[in-house]
Amino acid sequence: MTGCGSRKNWDRFYPLSGEPDGLHFECWTMLAAWAESTSRVEIGALVACNSYRNPELLADMARTVDHISAGRLILGIGSGWFERDYTEYGYEFGTAGSRLDDLAEALPRIESRWSRLNPRPTRDIPVLIGGGGEKKTLRLTAKHADIWHSFSDTETLERKLGILGQHCADIGRDPGEIEISVMGKTEDRDKMYELGARLFTIHTGGPTPDLTDLREFLAWRDKLNA
């Protein structure tokens with residue numbers, strides 16, 4: 001079985017494609033609005049940038065949206081990479097390694113803050129880590145994530161699943177506890193499903209979204225589940 005039950009935005013300050021200064025809104029205020037205006041789908045960022053917020057603040061924001069949505073938030077998080085966001089908004093860009101080290105420090109702080117908030121989250125908020133770095137990102141995924149989002153093609157995904165499995169073995173965790181999330185490219189869909197992917201992201205944008213790819217995906221899903 002596979003489904004289509006979540007809605008994701010991203011934590012960027014500028015578009016990544018099209019007009020560089022095109023229409024764009026902030027991630028977490030949008031998530032709060034989605035939480036209020038929807039009732040069934042899970043929501044989250046693909047992904048929130050760890051660099052932009054104090055980890056305790058991010059934990060509190062996530063807890064608040066979790067309550068507004070009655071327990072439908074997924075905390076998607078990554079180390080960040082889009083340099084323009086950093087320079088335009090005054091954040092220190094650092095290096096890929098330093099940003100991953102910051103993420104490694106932040107994740108336990110987020111988990112700890114959730115346990116101390118009043119009221120606490122409505123559920124154990126699922127953590128989605130996005131990225132494919134084999135030494136650091138996948139190790140953090142093995143330790144902290146409920147969901148791993150890969151941007152890889154099928155060949156790379158298969159190899160990295162093996163590496164993720166080894167990181168899980170190193171800490172005594174069952175890799176089957178980590179749900180696999182991917183981009184829902186038409187040509188890769190069946191193979192990715194065979195590899196264990198169960199969350200598929202179909203990308204579109206506004207202000208008038210083109211839902212052609214989504215309709216095609218839903219037809220594929222329904223055929224698979226028939």
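Analyst: Start with helices: a helix here is a DSSP run of H or I with at least four residues, numbered from the N terminus. The model is predicted. L161 lies in helix α6, residues 154-171.

User: What does L161 touch, leaving out residues up to four places away in sequence?

Analyst: L161 touches W148, I180 and L195. Contact requires heavy atoms within 4.5 Å.

User: Why is A70 called exposed?

Analyst: Exposed means over 50% relative accessible area. A70 has 63% relative accessibility, so A70 counts as exposed. A70 sits in the loop between α2 and β4. Its phi is near 60°, a positive value in a residue other than glycine.

User: What makes the protein as compact as a globular protein of its length?

Analyst: The fold has 8 helices and 8 strands. Its radius of gyration is 17 Å, and the globule rule gives 17 Å for 226 residues, so the protein is as compact as a globular protein of that length. The C-alpha trace spans about 45 × 45 × 35 Å along its principal axes.

User: How many of the residues count as buried?

Analyst: Of the 226 residues, 42% count as buried. The cut-off is under 20% relative accessible area.

User: What makes a set of residues a nonpolar core, and which residues have the most contacts inside the largest one?

Analyst: Members must be buried, belong to the nonpolar types, and be joined through side-chain atoms within 4.5 Å. The largest such core has 26 residues, and W28, L31, L75, I77 and W114 have the most contacts inside it. Two or more residues each come from α1 (27-37), β2 (42-45), α2 (55-68), β4 (73-78), α4 (96-116) and β5 (127-130). Apart from it lies another core, of 16 residues, including L164, I180, V182 and W220. In soluble globular proteins, nonpolar side chains tend to be buried together.

User: What does W114 touch, again leaving out residues up to four places away?

Analyst: W114 touches A59, A62, R63, L75, R120, P121, I125 and V127.

User: Which residues line the second largest pocket?

Analyst: W114 is again on the list, with E111, S115, R120, P121, R123, D124, I125, V127, H144 and D146. A lining residue needs an atom within 4 Å of a pocket point. The largest share, 3 residues, comes from α4. By class, the lining has 4 nonpolar, 2 polar and 5 charged residues. The volume of this pocket is about 190 Å³.

User: How do you know that the peptide bond from L46 to V47 is cis?

Analyst: Omega decides: for L46 to V47 it is near 0°. V47 is found in the loop between β2 and β3 (48-49). Another cis peptide bond joins N118 and P119, with omega about 0°. P119 is in the loop between α4 and β5.

User: What share of contacts between residues at least 6 apart join residues at least 24 apart?

Analyst: The share is 66%.

Technical notes
Residues are numbered from 1 along each chain as its sequence is written. This is a predicted model: local features need pLDDT of at least 70, side-chain atom pairs count only at pLDDT 80 or more; totals for chains, interfaces and linings use all residues. Side-chain values use heavy atoms; hydrogens and water are left out. Buried means under 20% relative accessible area, exposed over 50%, partly exposed in between (1.4 Å probe, protein chains only). On a 1 Å grid over the protein atoms alone, a cavity is a set of points where a 1.4 Å probe fits but cannot get out, and a pocket is an open set with protein on both sides within 12 Å along at least five of seven lines; lining residues have an atom within 4 Å of a point. Grid points are joined across faces, edges and corners, and a volume is the space filled by probe spheres set on the points. Ala, Val, Leu, Ile, Met, Phe, Trp, Tyr, Cys and Pro count as nonpolar, Asp, Glu, Lys and Arg as charged, and the others, Gly among them, as polar. The radius of gyration is taken over C-alpha atoms; the globule rule is 2.2 Å times the number of residues to the power 0.38.
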